Amino acid sequence: MPVIEKRRTRDLPQINERIRFPKIRVIGTDGEQLGILTPQEAITLAEEKELDLVLLSDKADPPVCRIMDYGKYKFEQEKKAREARKKQHTADVKEVKMRYKIEEHDYQVRVNQAQRFLKDGDKVKASITFRGREIQHSDLAEDLLKRMAIDLQEVGEVQQAPKKEGRNMMMLLSPKK
C-alpha cells in the first residue's frame, strides 16, 4: 500500500505544501527575486497574496519556486501544448501500386502521385504486384522501381532499396529535407 501512495504523489505537481526542500530560491509575481527562504516562509508570502508557490526547477541549487496562480499557469501550459500539437505534421506512408508491365501514361500518373505525396511531407511506398508466372520477371520490376527513384530524385530519396516480399516488390521513398 505505501508504494501506491508514493507513486500517486509523484504525479501531482509540486506546489505549496508538496515542496519538500530545506531552502528554496523564491521569485515574486513580477519576476523579482525575493531571495532564499524556507518553504514555510514562501508559502506564507504566497497565501498573503492569495496565490500558490509553484516549483519551477528542482535541478537548480537551491531549487527555484515562483509565486503565481497555479490554475492560470496550468491553463497556459496546456494552451502551449495544444498549439505545438496543431503545428506538427506526422509523416504518413502513402502507397503507389502498379504492375511491372505498366503503360507509359499510367506510369507517369503514379510518378505524379508519388511526387505530390513527397511534397506534402509523406513517405511513399512504391509496390509492384506479381500474378502467376509474372514473378519470373522480377528483374523488370526492379528496373521500373529504380527508374521511378531516378524520376523522383529531386523531391525524394530512397529510404529502402527495392526488395521482394512474397508476390510483391516494394521500395520506400522519403521526402528530401
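## Contacts along the chain

Let's start with how the chain meets itself. In the protein chain, counting contacts between residues at least 6 apart in sequence, 54% join residues at least 24 apart. Please keep in mind while reading that this is a predicted model.

The protein chain holds five helices and eight strands. Read from the N terminus, the order of these elements is α-β-β-α-β-β-α-β-α-β-α-β-β.

## Overall dimensions

How does the radius of gyration of the protein chain compare with that of a compact globule of 177 residues? The protein chain has 30 Å, whereas such a globule would have a value near 16 Å. Along the principal axes, the C-alpha atoms fill a box of roughly 80 × 40 × 25 Å.

Val109 and Asp61 are 48 residues apart along the chain, and their C-alpha atoms are separated by 62 Å. Val109 belongs to helix H4 and, with a relative accessibility of 30%, counts as partly exposed.

## Surface and charge

Of the 177 residues in the protein chain, 31% count as buried. The protein chain exposes about 12,200 Å², and carbon and sulfur atoms supply 49% of that area.

Charged side chains come next: the protein chain has 37 positive and 31 negative ones. The centres of the two sets lie 5 Å apart. Side chains of opposite charge can pair when their charged atoms come close. A search of the whole structure for such salt bridges finds eight.

## Salt bridges between separate elements

Which residue forms a salt bridge with Lys101? The partner is Glu134, and the closest N and O atoms of the pair are 3.5 Å apart. Glu134 sits in the loop between strand E6 (123-129) and helix H5 (138-151), while Lys101 sits in the loop between strand E5 (93-98) and helix H4 (104-119), so this pair ties together parts that are 33 residues apart in sequence. Are the two partners buried or exposed? Glu134 counts as buried, at 10% relative accessibility, because that value is under the 20% cut-off. Lys101 counts as exposed, at 54% relative accessibility, because that value is over 50%.

A second pair joins two helices directly. Glu104 forms a salt bridge with Arg147, with 2.8 Å between the closest N and O atoms. Glu104 lies in helix H4 and Arg147 in helix H5, so the pair ties together parts that are 43 residues apart in sequence. Glu104 is partly exposed, with a relative accessible area of 42%, and Arg147 also counts as partly exposed, at 33% relative accessibility.

Glu142 forms a salt bridge with Lys146, the closest N and O atoms lying 3.4 Å apart. These two residues are four residues apart in helix H5, which means that about one helical turn separates Glu142 and Lys146. Glu142 counts as partly exposed at 29% relative accessibility, and Lys146 is partly exposed with a relative accessible area of 42%.

Finally, which residues are linked in a network of salt bridges? They are Glu83, Lys86 and Lys87.

Methods
Residues numbered from 1 in each chain as written. Predicted model: local features only at pLDDT ≥ 70, side-chain atom pairs only at ≥ 80, totals over all residues. Heavy atoms only, no water. Rg over C-alpha atoms; globule rule 2.2 N^0.38 Å. Buried < 20%, exposed > 50% of the residue type's maximum accessible area, 1.4 Å probe, protein only. Contact = heavy atoms within 4.5 Å. Areas by Shrake-Rupley, 256 points an atom, 1.4 Å probe, with all protein chains shown as cover. Lys, Arg positive; Asp, Glu negative; His and termini not counted. Charge placed at Lys NZ, Arg CZ, Asp CG, Glu CD. Salt bridge = Lys/Arg side-chain N within 4 Å of Asp/Glu carboxyl O.
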